[in-house]
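Have a look at the fold first, then read on.

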Amino acid sequence: MKMRKYLVTTVGLAGMVMAAQGVAFADQAASCAWSRDVKLTNGKIVTMDKQNTIVNEVTIQDGKFTAIGKVANQKLNACTKVIDLKGRTVVPGLIDNHNHFISLGLRPGYDVRLETAWSIPEIQDRIKARTKTAPPGAFITATAGWAIRQLAEKRMPTMAELDAAAPNNPVYVSPTGPGGGMTNTLGKKFFAEKGVNVDPNGVLVGNGGPGGSAGSDAIGALRTIQTFEDEKREIMDAETYSVSLGLTVNVDQGMGPGFLRGSPDLQDSVVAGPGIETFNPWTWYNAALALDRENKLTARVRIFHYAIDTDMNIPITKERMLNNFPNFGDDMLRASGFGERVVQWTRSPTAPPVTAAGGGGGGQFLGEPANLMVSLEVLAKGGWTFSQHSTSLNEDHIMTAAYEKINETRPIADLHWSIAHVPKIDVPTLNRLKAIGVGVMPHGWSYMSSSTPGAGPPFRMIIDSGIHAGGGSDGVAVTALDPWLGIYY
């Protein structure tokens, strides 16, 4: 009996010691909550230096790398978190230098990313999974950034297939390019109440109003039930998705093809009906700004202000410049430049149709916009970074000549100006840009969303030229945000 009592007492003391240690560990965790210091061990860590060095250990202290390889005699902060990678590969956080991230964060409903779904059963599985994290009866949406051609069936899911995936939630799915919008039974009922035409098979037809189309009508209807808190939630979902891909910086290049019709003070700008990339330009950053103030952003956002001025006085561009400073903001959200357009480009009436991904053959645009040089001169004088959309060699030539003209009176190399997309660029044009310190942003959206996959840009030629170049997706309306698809291409 004495022995038994002794054992029980010993166990009791051990439990008390373990409980005390648990409290101590909890206190330590709480006291280290501020720390981002980390040591990664036992992995394959890609340093991206000029030698493409791979090391098995790195140490980060106070937000900076303090050891590449073994720590040696360095004393670590007591709050440093040690992570055993167990052989995994680590790459630096990726930067997408040209996308439309804010528009993804403002998609109405509970968004589902389908850019790596390769069949209709996979689409159904992702919709089913989303219904488990959304409130009962909430709208499940999957709008753009994916294409029918990626699916094994090469067709849209049917109304019955969407019903099977989400019997208790309305659903709206719409790909980039061909396919149109599809909804399920509950979605059809919602759209009918909003005056949006849906045929008996769940295909959205569209009403043909000003700027109207099936997609425009559907997005317009869904936005009538979208609240500011919904916008914040969706931006947080987009941030979580971005970080899950290793994408830690999104350089947002604005909206398009026009500002939302009916927005105040648009002056001379081009306008359009509701769409997944059509917004009130004065309010569309508000949800992201609110989250930044609340310290809730997990992926960095760099804003490039978008304008579509048609007037020689460039009122929208000047309005932005009068109320912003270059690189104003913080580490998570910052105004970094202007782009991907500041003036309206006019298409030739005899040009071939623009593809789903916004591309097309050379010569599709008319000559230089009359107000282009006015805009560039103002941006250069203000010290702003600028990037211009270009999908034809004709546009490349127009912009290169314009940049050379500005450079004659104000050297622009330190402003980090660039041309984006460049699917048709040639060596002479690259050399002219390189000579004045202008970079290029090649984007391989044709791989996922074009009717001619593999149509450019000429990545190898660009890299071999020695010009400053950086990659991105141009997601998420014309193609996928997932950077690994672009890296694979």
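Which exposed residues does the face of α12 turned away from its buried side carry? They are Pro 428 and Ala 435, where exposed means over 50% relative accessible area, buried under 20% and partly exposed in between (1.4 Å probe, protein chains only).

A word on ground rules: this is a predicted model, so local features need pLDDT of at least 70, side-chain atom pairs count only at pLDDT 80 or more, and totals for chains, interfaces and linings use all residues. Residues are numbered from 1 along each chain as its sequence is written, and side-chain values use heavy atoms, with hydrogens and water left out. Helices (H or I, at least four residues) and strands (E, at least two) are DSSP runs, numbered from the N terminus.

**Helix α12 and its cover**
- On the buried side of α12 (residues 427–435) sit Thr 429, Leu 430 and Leu 433.
- After α12 comes Gly 437, with a positive phi near 80°.

**Helix pairs**
- α7 (residues 228–244) and α8 (residues 286–293) have axes that come within 9 Å and cross at roughly 70°, which makes α7 roughly perpendicular to α8.
- Axes here are lines fitted to C-alpha atoms, for helices over the stretch in contact, and angles run from 0 to 180 degrees between N-to-C directions. Under 35 degrees counts as roughly parallel, over 145 as roughly antiparallel, 65 to 115 as roughly perpendicular and the rest as oblique.
- From α7, Phe 228, Glu 231, Lys 232, Ile 235 and Met 236 meet Asn 286, Ala 287, Ala 288, Ala 290 and Leu 291 of α8.
- Sorted by class, the α7–α8 contact has seven nonpolar, one polar and two charged residues. Ala, Val, Leu, Ile, Met, Phe, Trp, Tyr, Cys and Pro count as nonpolar, Asp, Glu, Lys and Arg as charged, and the others, Gly among them, as polar.
- α9 (residues 315–322) and α10 (residues 372–381) pack at about 10° with their axes 10 Å apart, and are therefore roughly parallel to each other.
- Thr 317, Lys 318 and Met 321 of α9 meet Ser 375, Val 378 and Leu 379 of α10.

**The four-stranded sheet**
- An open sheet with mixed pairing runs in the order β9-β10-β11-β12; two strands pair if DSSP finds at least two bridges between them.
- At the edges are β9 (110–111) and β12 (182–183), each pairing on one side only.
- Helix α3 (residues 120–131) packs on the sheet and touches β9, β10 (140–143) and β11, its direction making about 140° with that of β10.
- β10 and β11 are parallel over four bridges, and Ala 142 has Val 173 in β11 as its bridge partner.
- β11 (residues 171–174) runs antiparallel to β12 over two bridges, with Val 173 opposite Met 182.
- Val 171 and Val 173 point one way from β11, Tyr 172 and Ser 174 the other, and all are buried.

**Strand β16**
- Five of the six residues of β16 (residues 300–305) are buried, so this strand is largely enclosed by the rest of the structure.
- Four bridges tie β16 in parallel to β13 (residues 247–252), where Val 249 partners Arg 300 of β16.
- Five bridges link β16 in parallel to β18 (residues 333–338), and Phe 304 has Gly 337 in β18 as its bridge partner.

Key. Contact means heavy atoms within 4.5 Å.
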